[in-house]
Amino acid sequence: MAQKLVPTSVLCLLLALATSSMAGAVCPGNPFFVDLKTGVTSANPQITFKSALANSPAPCTGWKEAVLKIDLKGCTQANVVVEYEGTPKDWTVNLGDSPTNDGYAGDAGTTPNNAEMWILNEDLSVANGGNAPGVIDNPIARLDMALTDSALKFVVKNQYLSLGNPAGLLQTPNTKKLFAIPDTAVGSEGSNIYLGINRTIANPSRRGCGARRVLITLQ
């Protein structure tokens, strides 16, 4: 039986499309780093500043604050390490899958899925805004910690959040209370999650200081 040959030009086009598709699915492995005193940063193409690195006002003079947008397209998880200097004051971390997360689970309802985690002083809380005041689940979990001159690592995946040390793990595969990655609901943020550092994601009046360095890797 005679074989049907594919013209060279068509074959080249198919190879180019396949290569492009594969390249788009690769998760960038280079780390993102930011120092919340010196302002030194390193780059990752899928981690950008939603709110630019800025000087914090009194009583946190000498510190900086920012909000990061983390695009997990092509990736399965984000690894976030927060290093503290001294004892944290007020709001130092706010991790959420909605651009309007602002702590206390009081999301403005811009996305159907709006799980968030925050650290206020030395208390960590995880909640879900439920996209309606009547179904807010706050807290899903709460932990009192000793954070003076310490560090915490968070691993964020679909319906999964781990933290340590001490080690802790939350999973909600059935109730869907945690981060939806990727988020396929209408009006969702797709594969984006957000990280407020020394402030909440959407409310700059909820700010603090003590988070000195943040390292993020995607995989």
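The model is a predicted one.

**Aromatic rings**

A pair of aromatic rings is described by the distance of the centres and the angle of the planes. Across the whole structure, a search turns up 3 aromatic pairs. One of them joins Trp91 and Tyr104: the ring centres are 5.0 Å apart and the planes meet at 85°, so this pair is edge-to-face. Planes over 60 degrees apart count that way. The pair links distant parts of the chain. Trp91 belongs to strand β5, residues 78-96. Tyr104 sits in the loop between β5 and β6, 13 residues away from Trp91.

How accessible are these two residues? Trp91 has 6% relative accessibility, so it counts as buried. Tyr104 has 43%, so it counts as partly exposed.

Tyr104 has another partner. The rings of Tyr104 and Trp118 have centres 6.2 Å apart and planes at 75°, so this pair is edge-to-face too. This pair also links distant parts of the chain, with Tyr104 in its loop and Trp118 in strand β6, 14 residues apart. Trp118 has 3% relative accessibility, so it is buried. Which residues form one aromatic cluster? They are Trp91, Tyr104 and Trp118.

**Charges over rings**

Two lysines come next. Lys37 lies over the face of Trp63, and the distance to the ring centre is 4.4 Å. Lys157 places its charged end over the ring of Tyr160, 4.4 Å from the centre of that ring.

**Disulfides**

A disulfide is a covalent bond between the sulfur atoms of two cysteines. How many disulfides are there? The count comes to 2. The table sets them out.

| Disulfide | S to S distance | S-S torsion | Handedness |
|---|---|---|---|
| Cys27 to Cys75 | 2.0 Å | about 100° | right-handed |
| Cys60 to Cys209 | 2.3 Å | about -65° | left-handed |

Take Cys60 and Cys209. Their bond links distant parts of the chain. Cys60 is in the loop between β3 (47-55) and β4, while Cys209 is in strand β13, residues 208-218. The two cysteines are 149 residues apart. Both Cys60 and Cys209 are buried.

Now take the other bond. A disulfide joins Cys27 to Cys75. Where do these cysteines lie? Cys27 is in the loop between α1 (8-24) and β1 (32-35), and Cys75 is in the loop between β4 (64-71) and β5, so the bond ties together parts 48 residues apart in sequence. Cys27 has a relative accessible area of 19% and is buried. The cut-off for buried is under 20%. Cys75, at 11%, is buried as well.

Count the bonded cysteines along the chain, and the disulfides follow the pattern 1-3, 2-4.

**A buried alanine**

Strand β6 also holds Ala115. Is Ala115 buried or exposed? Its relative accessibility is 0%, so it counts as buried. Leaving out residues up to four places away in sequence, Ala115 touches residues from several stretches of the chain, including Leu95, Gly96, Asp97, Ala127, Lys177, Leu178 and Phe179. Ala180 is 65 residues from Ala115 along the chain, yet their C-alpha atoms are separated by 8.3 Å.

Terms used:
Residues are numbered from 1 along each chain as its sequence is written. This is a predicted model: local features need pLDDT of at least 70, side-chain atom pairs count only at pLDDT 80 or more; totals for chains, interfaces and linings use all residues. Side-chain values use heavy atoms; hydrogens and water are left out. Rings of Phe, Tyr and Trp (its six-membered ring) pair if their centres lie within 6.5 Å; planes under 30 degrees apart count as stacked, over 60 as edge-to-face and the rest as tilted. Helices (H or I, at least four residues) and strands (E, at least two) are DSSP runs, numbered from the N terminus. Buried means under 20% relative accessible area, exposed over 50%, partly exposed in between (1.4 Å probe, protein chains only). A charge sits over a ring if NZ of Lys or CZ of Arg is within 6 Å of the ring centre and within 35 degrees of the ring normal. A disulfide is a pair of cysteine sulfur atoms within 2.5 Å. Contact means heavy atoms within 4.5 Å.
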